Amino acid sequence: MRRAFVLLVLASGVLLVVVDRTVTPLAPVRMAGSAVYGTLQNTIGAVSRSVGGWIGGSAGGERRVRELEAENARLRAALLVAERSATASGGAAAVGVAAVGVAAHVVGFGRGRQVSIDAGADAGVVRDVTVLNADGLVGKVTWAGPSTATVSLVTGAGSSVGARMAGSGELGLVTGVPGDGTLRLSLFDPNAPLKVGDRVVTLGSEGGRPYVAGVPIGTVAAIEQAPGAATRTALVRPAARLSALDLVTVILPEPDR
């Protein structure tokens, strides 16, 4: 019996890693895998953090940590809303979209520049919503099970994010650069002012999905020279340290606002 349970858990984990595309016939199987694996992962995480709290001599430390993480996520969402409202005169997209934040921990890395988090539909997480951390944009949710979800990183192949230059307001597009963990910025105006160190933030999407406005994407690291090109391009260093993710916030726009 014990061996069968272990095999079930391992199989559930494999399903979450291998089935990384939405395939309708496998959806129920993947949902079941998420429920089993997610519950186990949450239990392991809770035990580990509880042991850490016990070693530190703090009674109820795990509960307090969770409360603080949830409050941090709420405040981070509120800050985004406040910043968008403050820049409304500058024409920032998605101004007025209210949002709530859900705290989550990264519990696994998958192929194709994806990570798994320990929050899913049971916590309100849905597909095509923004994920960020204290430094900036992490990516967007591309699949959500009951207690876990998959986040596609902003640096992943095929990633595409509408962008705005924090200083000049110039518009463009940020895409992932396969293999090196950087981003490529393409400004729509080939003569737009641009220099190393300029900050790039999200432009925002209609209704705040998949990306809310004003989230730091990164800073310009190098300007690419291409005379006569229709756009102006540069390499961007991501604001978030994507190779060392832990606590993240999932931003959920409120549909009734």
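**Questions on a predicted model**

Modeller: In this predicted model, Leu-171, Leu-173 and Phe-188 form a nonpolar patch on the surface, with about 260 Å² of accessible area together.

Biologist: Why is Phe-188 called exposed?

Modeller: The relative accessibility of Phe-188 is 53%, and exposed means over 50%; therefore Phe-188 counts as exposed. Phe-188 is placed in the loop between strand E8 (182-187) and E9.

Biologist: What makes Arg-184 and Glu-224 a salt bridge?

Modeller: The closest N and O atoms of Arg-184 and Glu-224 are 2.9 Å apart. A salt bridge requires a side-chain nitrogen of Lys or Arg within 4 Å of a carboxyl oxygen of Asp or Glu, so the pair of Arg-184 and Glu-224 qualifies. The pair links distant parts of the chain, with Arg-184 in strand E8 and Glu-224 in the loop between E10 and strand E11 (232-238), 40 residues apart.

Biologist: Why are Arg-184 and Glu-224 called partly exposed?

Modeller: Arg-184 has 30% relative accessibility and Glu-224 has 26%. Partly exposed covers what lies between buried, under 20%, and exposed, over 50%, so Arg-184 and Glu-224 both count as partly exposed.

Biologist: How many salt bridges does the structure hold?

Modeller: The structure holds three salt bridges. One of them joins Lys-195 with Asp-198, the closest N and O atoms being 3.0 Å apart, which again is within 4 Å.

Biologist: Are Lys-195 and Asp-198 buried or exposed?

Modeller: Lys-195 has a relative accessible area of 53% and is therefore exposed, the cut-off being over 50%. Asp-198, at 16% relative accessibility, counts as buried, because buried means under 20%.

Biologist: What separates Arg-64 and Glu-67 along their helix?

Modeller: Arg-64 and Glu-67 are three residues apart in helix H3 (residues 61-86), which means that about one helical turn separates them. Arg-64 forms a salt bridge with Glu-67, and the closest N and O atoms are 3.4 Å apart. Arg-64 is partly exposed at 47% relative accessibility, and Glu-67 is partly exposed at 41%.

Biologist: Which strands close into a barrel, and in what order?

Modeller: Six strands close into a barrel in the order E6-E7-E8-E11-E10-E9, with antiparallel pairing. Neighbouring strands of this sheet are turned by 40° against each other on average, direction ignored.

Biologist: Which peptide bond is cis, and what is its omega?

Modeller: The cis peptide bond joins Arg-209 and Pro-210, and omega is about 5°. Pro-210 is placed in the loop between strand E9 (199-202) and strand E10 (216-223).

Key
Residues are numbered from 1 along each chain as its sequence is written. This is a predicted model: local features need pLDDT of at least 70, side-chain atom pairs count only at pLDDT 80 or more; totals for chains, interfaces and linings use all residues. Side-chain values use heavy atoms; hydrogens and water are left out. Helices (H or I, at least four residues) and strands (E, at least two) are DSSP runs, numbered from the N terminus. Two strands pair if DSSP finds at least two bridges between them. Axes are lines fitted to C-alpha atoms, for helices over the stretch in contact, and angles run from 0 to 180 degrees between N-to-C directions. Patches are made of residues with over 30% relative accessible area and no salt bridge: like charges are joined within 9 Å, nonpolar side chains (Val, Leu, Ile, Met, Phe, Trp, Tyr) within 5 Å. Accessible areas come from the Shrake-Rupley method with a 1.4 Å probe; for residues, only the protein chains shown count as cover. Buried means under 20% relative accessible area, exposed over 50%, partly exposed in between (1.4 Å probe, protein chains only).
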